[in-house]
Amino acid sequence: MDVLIVHDPREPAKKCSLTPLRGMPGVRFVPVTGAARVDAGRRIWLHPEGDELGPADRGIGVLLVDCTWRRVSKLSKLIDGELLQRRLPNLVTAYPRRSKLQPDPEHGLASVEALYAALALLGAPHPELLTHYRWAAEFLATNPSVPR
């Protein structure tokens, strides 16, 4: 597993679905502070506007930009590398969203759901990613197309 999570440190760790993954082998967190740039190298960037993730993407590291939807554009401008934008198939989140600032994308997922789904669809499911996710069983039951 080769996962880079570019994280907005202004997001409360208590609410972040990825917080339990800190220290997990193969998962690296990089906070974005100020104008500091992040070199991601060559990675699949999970992005709702990319081509659909497919078998040809296997073996490439994964990038997640972990922040609120309204900050994705700003933070992504600080990431360098060969970023291959890929989207997941239409999946349903189990996370109870409550944004009062703007609507979430129709098929937006909790970050840990997106990461699990991407790796599973790439042929490398990692059930340990969902170990501490409160809505894991509901997410998997609602999305039977995601490999276990």
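Okay, let's start with helix α2: its buried residues pack against β1, β3, β4 and α3. Before I go on, this is a predicted model, so bear in mind that local features need pLDDT of at least 70 and side-chain atom pairs count only at pLDDT 80 or more, while totals for chains, interfaces and linings use all residues. Numbering runs from 1 along each chain as its sequence is written, and side-chain values use heavy atoms, with hydrogens and water left out.

Quick word on terms. Helices (H or I, at least four residues) and strands (E, at least two) are DSSP runs, numbered from the N terminus. Buried is under 20% relative accessible area, exposed is over 50%, and partly exposed is in between, with a 1.4 Å probe and protein chains only. Contact is heavy atoms within 4.5 Å.

Back to α2. Of its 11 residues, 10 are buried, so the helix is largely enclosed by the rest of the structure. The buried set includes Glu113 and Tyr116. Take Ala120, which lies in α2: it counts as buried because its relative accessibility is 3%. Leaving aside neighbours within four places in sequence, Ala120 is in contact with Pro125, Val146 and Pro147. Ala120 and Pro147 are 27 residues apart along the chain, and their C-alpha atoms are separated by 5.5 Å. Just after the helix, Gly123 has a positive phi of about 90 degrees.

The largest one has 36 residues, and Leu18, Leu21, Leu88, Leu115 and Tyr116 have the most contacts inside it. At least two residues each come from β1 (3-7), β2 (27-31), β3, β4 (61-66), α2 (111-121) and α3 (136-142). α2 gives the most, eight residues. Leu21, again setting aside neighbours within four places, touches Val27, Phe29, Val112, Leu115 and Leu129. There's also a second, separate core of 14 residues, with Leu4, Val6, Ala40 and Leu63 among them.

Now the strands, where pairing needs at least two DSSP bridges between the two. β3 and β5 (residues 79-87) run parallel, joined by nine bridges; Val38 has Ile79 as its bridge partner in β5. β3 also pairs with β4, in the parallel sense, over three bridges, and Trp45 is partnered with Leu63 in β4. His47 sits in β3, residues 38-52. Is His47 buried or exposed? Buried, because its relative accessibility is 13%. Beyond four places in sequence, His47 contacts Gln85, Arg86 and Arg87.

On to the loop between β5 and α2, where we find Thr93. Thr93 and Trp135 are 42 residues apart in sequence and 9.0 Å apart, C-alpha to C-alpha.

Trp135 turns up again in the lining of the second largest pocket, along with residues including Lys14, Tyr95 and His132.

Key: Core = buried A, V, L, I, M, F, W, Y, C linked by side-chain atoms within 4.5 Å. 1 Å grid on protein atoms, 1.4 Å probe; cavity = no way out; pocket = protein on both sides within 12 Å on 5 of 7 lines; lining within 4 Å.
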